[in-house]
Amino acid sequence: MKITHNFITKGNSALHIAVKTKASVELLESFYDVYGSEPFYKVDADDNTLFYVALTSRGIDPKVVKLVATAAPLHAKSA
């Protein structure tokens, strides 16, 4: 897995980068366990929610989408 400079300069949060690079659900669960829901509600530089990014990225583990929906239910409900 390679994180490019482009992801960082485009205003992506660590969670946006993790989802876009197809990080494991275990990594995202660690974020959730430590930081709670707040980081899951951030939007990227294009104003995309993490839930939207998870839904529209190819090859994402459905468990990741479920975790993001659980962590940010308001974003999931408004999708």
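Buried means under 20% relative accessible area, exposed means over 50%, and partly exposed is in between (1.4 Å probe, protein chains only).

You're looking at a predicted model, where local features need pLDDT of at least 70, side-chain atom pairs count only at pLDDT 80 or more, and totals for chains, interfaces and linings use all residues. Residues are numbered from 1 along each chain as its sequence is written, and side-chain values use heavy atoms, with hydrogens and water left out.

**Stop 1: helix H5**

Select residues 62-71, which make up helix H5. (Helices are DSSP runs of H or I with at least four residues, numbered from the N terminus.) Val64, Val65, Leu67, Val68 and Ala71 are buried here. Look down the axis of H5: its buried residues fall within an arc of 165 degrees (taken from the directions from the helix axis to the C-beta atoms), so they line one face of the helix.

What covers the buried residues of H5? Show helices H2 (14-20), H3 (25-35), H4 (50-56) and H6 (73-78), which are among the parts that do.

**Stop 2: the largest nonpolar core**

A nonpolar core is a set of buried Ala, Val, Leu, Ile, Met, Phe, Trp, Tyr and Cys residues joined through side-chain atoms within 4.5 Å. The largest one has 19 residues, and Leu15, Val19, Leu28, Phe40, Leu50, Val64 and Val68 touch the most other members. H2, H3, H4 and H5 each give two or more residues to this core, with the largest share, 5 residues, coming from H5.

Click on Val19 next. Leaving out residues up to four places away in sequence, Val19 touches Leu28, Leu50, Val53, Ala54, Ile60 and Val64 (contact means heavy atoms within 4.5 Å).

**Stop 3: a charged pair**

Select Asp44 and Lys20. Their side chains meet in a salt bridge (3.5 Å, N to O); the rule asks for a side-chain nitrogen of Lys or Arg within 4 Å of a carboxyl oxygen of Asp or Glu. Asp44 sits in the loop between H3 and H4 and Lys20 in helix H2, so the pair ties together parts that are 24 residues apart in sequence. Are these two buried or exposed? Asp44 counts as buried at 5% relative accessibility, while Lys20 is partly exposed at 24%.

**Stop 4: His16**

Finish in helix H2 with His16, which is buried at 0% relative accessible area. Among the residues His16 touches are Lys42, Val43 and Asp44.
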